[in-house]
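Me: I would like to go through this structure by asking what each label rests on. Please set each value against its cut-off and then conclude.

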Amino acid sequence: MLPSAQLAIFAASVVIFVPMGLAGLHLSRTKMLFFSGILFIFLFVAVHLAPYFLSISHLLLASIFFPSPPPYSLLPPPSCLPFLHRISWTHAPDPAWSWDPSAPVRSCGFQSLSNPDASILLNGSWILVAGDSQARLLVLALLRLLLDPTSLASVEPDLFKRHSDYHIAIADRGIKIDFLWAPYERNITDLLVQNIQPVPPYPDVLVLGSGLWHMLHSTNSSHYGEAVNGIKEAVFSLHSPVLPHMFWLGLPTLISSKLNTPEKRERMTNAMLEAYGREVATTKILRQSGGPLMLLDIRWLSRGCGARCTDDGMHYNGVVYNAALQIMLNALVIESQQRIE
């Protein structure tokens, strides 16, 4: 498909060289001027109208070969970020989610990215996830999206080695994924201060989140808030012209009747969960309160899936973490477009 400038050059060449060819046929001067004038008018009109015909033909071909919009055909504007968590759940026969069909959400054009879409979006990226078992389950959702079943089966046992880090490189797409076991907030702060800050470049995507271990073993919301504030200060001390896309993985809904020890049922109550949530809000670490990290609201997502989606009252079925992952990926689409602009 030729752009207008190339068409103009082509037309000029025709106007110059065609009359020269006609002269070789020994036509009269009057006939040469007549043919040259007609040719000039035709090419003038063609050059100015060609872009419109090309656009129309492109749209026609797109409608034939791409009956549904290709990935990223309409990038959601930044104003769509607040709508990312507006999803609906169905529970028959199995729990499933989709974005709410209401007008504001529908106009944003959110998409559940497939393996090829996600591979294109994350191509050449370094993704670092640090936190507790909730963070590990988000990594599992990412691997389920990027890997075929055979490859996933071979790496999944390593991902779930108890209380351990996990690293994988998907060489054909240049994607590097690191999971760092950091069950306490001070573990995340130490990671930011000691491992990331002194050694740019930074990860392209940084996902942080913890709290379950603190709630079980410390059960003190104000101390938790102080620890999360330490994470925020460490994030603010990162020095780079381009900071990572940063996310905070929220705590899940707790189903007390399913918690599997007396200590958990006593300490990990919904009242305590509310208190921990208020402390996170007070620190202003989240984007919605002017902070640097966008919330992936596992509590909201797990509440929508319901008690049937968890066996132990705190870890949920993969569909919940898949929803969080897709929210994150769509946020990356929006933020990447903002950085380009």
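**Labels and their cut-offs**

Me: Why does Cys108 count as buried?
Reply: The relative accessibility of Cys108 is 4%. Buried means under 20% relative accessible area, exposed over 50% and partly exposed in between, with a 1.4 Å probe and protein chains only. Cys108 is under the cut-off, so the label is buried.

Me: What do these values rest on?
Reply: This is a predicted model, in which local features need pLDDT of at least 70 and side-chain atom pairs count only at pLDDT 80 or more, while totals for chains, interfaces and linings use all residues. Residues are numbered from 1 along each chain as its sequence is written, and side-chain values use heavy atoms, with hydrogens and water left out.

Me: How many disulfides are there, and what makes a pair one?
Reply: There are 2 disulfides. The test is a pair of cysteine sulfur atoms within 2.5 Å. Cys80 and Cys108 pass, with their sulfur atoms 2.1 Å apart. Cys80 lies in the loop between α2 (29-65) and β1 (87-90) and Cys108 in helix α3 (residues 103-108), so the pair, 28 residues apart, links distant parts of the chain. Helices here are DSSP runs of H or I with at least four residues, strands are runs of E with at least two, and both are numbered from the N terminus. Cys305 and Cys309 also pass, with S to S at 1.9 Å. Counted along the chain, the bonded cysteines follow the pattern 1-2, 3-4.

Me: Which hand does each link have, and what angle goes with it?
Reply: The link of Cys80 and Cys108 has -95 degrees about the S-S bond and is left-handed. The link of Cys305 and Cys309 has -70 degrees and is left-handed.

Me: Why is Arg299 put in its burial class?
Reply: Arg299 has a relative accessible area of 18%, which is under the cut-off, so Arg299 is buried. This arginine is found in helix α12. Leaving out residues up to four places away in sequence, Arg299 touches Leu251, Pro252, Thr253, Leu273 and Glu274; contact means heavy atoms within 4.5 Å.

Me: Where is Leu140, and what does this leucine touch?
Reply: Leu140 is in helix α5 and is buried, at 6%. Apart from residues up to four places away in sequence, Leu140 touches Leu152, Glu156, Leu159 and Phe160. Leu140 and Asn322 are 182 residues apart in sequence and 9.0 Å apart in space, C-alpha to C-alpha.

Me: How does the span of α9 compare with the expected span?
Reply: Helix α9 (residues 221-236) has 16 residues and reaches 23 Å from its first C-alpha to its last, close to the expected 22 Å. The expected span is 1.5 Å times one less than the number of residues. Among the buried residues of α9 are Tyr224, Val228, Ile231 and Val235. Their cover includes α7 (185-196), β6 (205-209), α8 (212-217), β7 (245-249) and α11 (270-283).

Me: What makes a space a pocket, and what lines the largest pocket?
Reply: On a 1 Å grid over the protein atoms alone, a pocket is an open set of points where a 1.4 Å probe fits, with protein on both sides within 12 Å along at least five of seven lines; lining residues have an atom within 4 Å of a point. The largest pocket is lined by 17 residues, of which Ser133, Arg162, His163, Trp213 and His315 lie nearest its centre. The largest share of this lining, 4 residues, comes from α8.

Me: Which residues lie nearest the centre of the second largest pocket?
Reply: They are Gly250, Gly277, Val280, Leu295 and Asp297, out of 17 lining residues. Here α11 supplies the largest share of the lining, 5 residues.

Me: How many helices and strands does the chain have, and what share of residues is buried?
Reply: The chain has 13 helices and 8 strands. Of its 341 residues, 43% count as buried.
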